[in-house]
Amino acid sequence: MDSQQKNNWQREMIDGAVHAAPLHLAVIPWGVLAGSMAVEAGFDFWQSIAMSAMIFAGAAQLVTLGLINSGAGYITIIISVFFITSQHLLYGLTMRSHVKDFTTPQRIGIGFLLTDELFAISAAKRQALTFPYLFGVGFSFYVVWIVTSFCGIVMANFVSDLSRLHLDFSVVATLLAIVVSLTKKISTVCGVLFSLITAVVLSAYSISSAIVIAGVGGMFISVAISRLLKEEK
């Protein structure tokens, strides 16, 4: 790689990190909560750090730790995490056309770093989705996640019951920011509204699968309306 190519790579990586910066702020309390919950679940320092470093999936981590704390079995945890992270398959299929020309190690790297935030930024298409750009977005999130998880682990030893600070609201804030930025079509608006109303109504009747039903139903509504209106992809 010559000097010009190296400079281009560095510039695109920095662009990716800068574009991801606003979402970094929303992830900070999420990472702190994940680190503290790992300690509360009985993990030692290195196990807690390793969990954040190897899994790198906020929702999956928090749900896993919550289920461990409640005494759930391994099968329950595996099935729950599978469904929670199943949207990453759709993310990968959507991004396939952009990463198909990457080398195998590059595709594996982006696959590991693929999060809701990385997908949202790639969907915004603020600039060409090159490997350095996507890596800059994903790796910057990874660094923030590890650092904030470390902070949560340390804080758990000094602040009792961090959950009372309601840091889990950052999950809602992060996903809300992503949804709003991607809501640009009538079909998407209808799907979001359907999911919101359905989730609220079903939760009011204490239906345990309210979120899943609302999410899946919203996707079907969006697809149906998109085809009905013949919206452009």
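User: Which residues of α3 are buried?

Analyst: This is a predicted model, in which local features need pLDDT of at least 70, side-chain atom pairs count only at pLDDT 80 or more, and totals for chains, interfaces and linings use all residues. Residues are numbered from 1 along each chain as its sequence is written, and side-chain values use heavy atoms, with hydrogens and water left out. Buried means under 20% relative accessible area, exposed over 50%, and partly exposed in between (1.4 Å probe, protein chains only). By that rule, the buried residues of α3 are Gly58, Ala60, Gln61, Leu62, Thr64, Leu65 and Leu67.

User: How many helices and strands does the chain have?

Analyst: Helices (H or I, at least four residues) and strands (E, at least two) are DSSP runs, numbered from the N terminus. From that terminus on, the elements run α-α-α-α-α-α-α-α-α-α-α. The count is therefore 11 helices and 0 strands.

User: Which element of the chain has the highest mean pLDDT?

Analyst: pLDDT is the predictor's confidence in each residue, from 0 to 100. The chain averages 81, and 87% of the residues score at least 70. Among the elements, helix α9 (residues 169-182) has the lowest mean, 60, whereas the highest, 92, belongs to α6.

User: What percentage of the residues in the chain is buried?

Analyst: The chain exposes about 13,800 Å², and carbon and sulfur atoms supply 69% of this area. Such areas come from the Shrake-Rupley method with a 1.4 Å probe; for residues, only the protein chains shown count as cover. Of the 233 residues in the chain, the buried share is 36%.

User: Is Gln61 buried or exposed, and with what relative accessible area?

Analyst: Gln61 is found in helix α3 (residues 58-69). Leaving aside neighbours within four places in sequence, Gln61 is in contact (heavy atoms within 4.5 Å) with Ala34, Met51, Ser52, Ile55, Phe56 and Trp145. Gln61 is buried, because its relative accessible area is 1%.

User: With which side chain does the side chain of Gln61 make a polar contact?

Analyst: A polar contact is a pair of N or O atoms within 3.5 Å; within protein, one must be able to donate a hydrogen and the other to accept it, and residues adjacent in sequence count only if both atoms are side-chain atoms. The pair in question is 3.3 Å apart, and the partner of Gln61 is the side chain of Trp145.

User: The backbone oxygen of which residue lies 2.7 Å from a polar atom of the Thr64 side chain?

Analyst: Thr64 is also part of helix α3, and it counts as buried because its relative accessibility is 12%. Not counting residues up to four places away in sequence, Thr64 touches Met51, Ile77 and Val81. The backbone oxygen at 2.7 Å is that of Ala60.

User: How far apart in space are Leu67 and Ile77?

Analyst: Leu67 belongs to helix α3 and counts as buried at 18% relative accessibility. Beyond residues up to four places away in sequence, Leu67 touches Ala72, Thr76, Ile77 and Ser80. Leu67 and Ile77 are 10 residues apart in sequence, while their C-alpha to C-alpha separation is 6.6 Å.

User: What is the phi of Phe56 near?

Analyst: Phe56 is placed in the loop between α2 (45-55) and α3, and at 7% relative accessibility it counts as buried. Its phi is positive although the residue is other than glycine, with a value near 45°.

User: How far apart are the end C-alpha atoms of α5, and why does this agree with its length?

Analyst: The expected span of a helix is 1.5 Å times one less than its number of residues. Helix α5 (residues 87-99) has 13 residues and should therefore span 18 Å, which agrees with the separation of its end C-alpha atoms, 18 Å.

User: At which residue does α5 bend?

Analyst: The bend at a residue is the angle between axes fitted to the seven residues ending there and the seven starting there. The buried residues of α5 are Tyr91, Met95 and Val99, and their cover includes α6 (104-113), α7 (116-124) and α8 (131-156). Helix α5 bends by about 30° at Leu93.
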